Amino acid sequence: MTKFFLGLCLTVFLFGCGTSVPLSDVPVTDGSVKGVAGAGQDGTGTAVNSVAQVDLSKGSLQASMASGPNVVYFDYDSYVIKPEYQSIISAQARFIKGQPSRKVAIEGHTDETGGREYNLSLGQKRAEAVASALSILGVPQNQMEAVSFGKEKPAVVGAGEAAYSKNRRAEIRIQ
Amino acid sequence: MAFRSLPRLSDLATVFWAWLLFFAMPVQAQFRVDVSGIGLTQVPISIATFRGQSASNQKISEIVQADLERSGQFRAVSAPLAAMDELSIPNLSGLRQAGSDSLVLGSVSTLGDGRFDVRFRLWDVVKGQDLGGQSYAVSATDLRLAAHRISDYVYEKLTGDKGIFSTRISYVTKVAARYRLWVSDSDGENAQAALSSSEPIISPAWSPDGSQLAYVSFESRKPVVYVHNVSTGRRQLIANFKGSNSAPAWSPDGKTLAVTLSREGGTQLFLVNALGGEPRRLIQSGSIDTEPVFSPDGQRIYFVSDRGGAPQIYRMSSTGSAIERITFTGTYNISPALSQDGRWMAYISRVGGAFKVHLMELGTGTVRELTTSTADESPSFAPNSKLVMYATQDQGREALMTSTLDGKVKARLSGQSGDIREPDWGPFLKP
């Protein structure tokens, strides 16, 4: 019976446009008709476009280990480490070499101007520049991971160069 | 959701003219639709308040009107339409006088099982023709979907192009420190959260069949790529390699994702099976290569590279050969999106200090600036290639907009408070 109605309805759908049957002749109570054209079930109370929600509980993101000043700031559109930050990198390198069992994340960031994905690439360049500088000072490559947050995690929220200059940065985080 | 076509009403000459006593109240639009420019060819259309719709929790006629206005191809005309439905024979001469070319009449009634029966009929006012109609038996939660299907029917009948109103979009909101990935109707309403996280979510991308979203999540304190089944909530890690993993883009057959990885240093393009597995390098360069997107025929991949000293858009074969530069104007061109008809590329270009959606006709290379805003991001096309959706800033908040391809009709999508960003327009869903 269900199939009959289904076929009937499809037929009406496909060929019904040109007919002149009064509207009131079309069966109205079609509770047996299911899913003739919808993307999912119907008649069951379930929405056609249902979405299951996933809630990520606050995970166990590890706090970084205190190791003194650990942020290197960059000029606009640049990933060149300025001389004044060399001392921070040297101190961090010494510290990391004393902690050979700890993983080190170098996290690159940008200011909020421009696209999210392209900023992710720029942040990655900053992170890799710092990782490279640490590597030259003897930190093993396999102890470090250079990653980027792009413009997603500004240190200072707001527009303007005062905020932007604090956000163009790479942070060395010892885990 | 079941639907059927309604048969045409009998010959007009055999039935009486309905008497019209009242003018319909002006329908309050749910959306702010800005129309600018002149010389637009818009179909003037009247949409009657559906008989009985006040008994449901959705104002069907208002949803339909907002859909059609947002398309840029229709202009709502208030007309004398009180107490009419799909069985009524309208006074077409009165509508012509009101300046209306088309008319939608309909009704909403309750079925015995608690569902609603939504019916409508479309009239060509100028020719005096019944253009048919449909009926939908839907649960309360699918009333908006029924309204969007009505919009699709009207749009296709009157423009000849397939309507996109019943498609879905995805976007991300940030409210306080909470990030949510939403799936909503094409007008931004009826949003359901697919993912909620305390870490950023960016770059959602619909699978070609509309069942899955690929995206970048920072939940493990670095960017990694997931593929997420929207109806089941099942998530699969697709790219979680050393360094950053980002910018997922589906191949048209849904079997492969292009992704940006820094696993071997730098920001480079790879292909990875959509079910997971070892990535294959697409091209090798010493520059940033990112934001890949497949052409609709799957033959090419467009991407952003700074190999020329500044970010520009390039394209190559889907195997990584025959690289050619596409954008030549300006020094910052990113975020390419391609229309399904293969004609258009939308992208973001920096002009002065402003970031604006631009549209390139790929056949000729002709470029037009689409917006007057200054912080546009993440354009994507409606699957019928007639609208562009993008993120922008409006009065200090992040907001989503749609624009016609000539830039003349723009609408701000509502439906969420807080900052709204990273939109992606889903595909046509298979009926």
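**View 1. Strands 24 and 25 of chain B form a hairpin with two residues between them.** In this predicted model, strand 24 and strand 25 (residues 354–361) of chain B pair in the antiparallel sense over eight bridges, where strands are DSSP runs (E, at least two residues) numbered from the N terminus, as are helices (H or I, at least four residues), and two strands pair if DSSP finds at least two bridges between them. B:Arg350 has B:Phe355 in strand 25 of chain B as its bridge partner, and in the turn B:Gly352 has a positive phi of about 60°. Residues are numbered from 1 along each chain as its sequence is written, while chains are lettered from A and ligands numbered from 1 in the order in which they are written. Because the model is predicted, local features need pLDDT of at least 70 and side-chain atom pairs count only at pLDDT 80 or more, whereas totals for chains, interfaces and linings use all residues.

**View 2. Strand 23 of chain B pairs with strand 24 of chain B.** Four bridges join strand 23 (residues 333–338) to strand 24 (residues 344–351) of chain B, and the two run antiparallel. The bridge partner of B:Leu338 is B:Met345 in strand 24 of chain B. Five residues lie between the strands of this hairpin, in which B:Gly342 takes a positive phi near 75°.

**View 3. Strand 17 of chain B pairs with strand 16 of chain B and with strand 18 of chain B.** Strand 16 (residues 256–261) and strand 17 (residues 268–273) of chain B run antiparallel and are joined by six bridges, with B:Ala258 partnered by B:Leu271. Their hairpin has six residues between the strands, and B:Gly265 in the turn has a positive phi of about 90°. Strand 17 also pairs in the antiparallel sense, over two bridges, with strand 18 (residues 280–281) of chain B, where B:Phe270 stands opposite B:Arg281. In the hairpin of strands 17 and 18 of chain B, B:Gly276 takes a positive phi near 105°.

**View 4. Four strands of chain B form an open antiparallel sheet in the order 19-20-21-22.** Strand 19 (289–294) and strand 22 (324–325) of chain B are the edge strands, each pairing on one side only. Helix 3 (residues 116–136) of chain A packs on the sheet and touches strand 19 and strand 20 of chain B, contact meaning that C-beta atoms, placed from the backbone, lie within 7 Å. The direction of helix 3 of chain A makes about 150° with that of strand 19 of chain B, the axes being lines fitted to C-alpha atoms, for helices over the stretch in contact, and angles running from 0 to 180 degrees between N-to-C directions.

Conventions
Contact = placed C-beta atoms within 7 Å.
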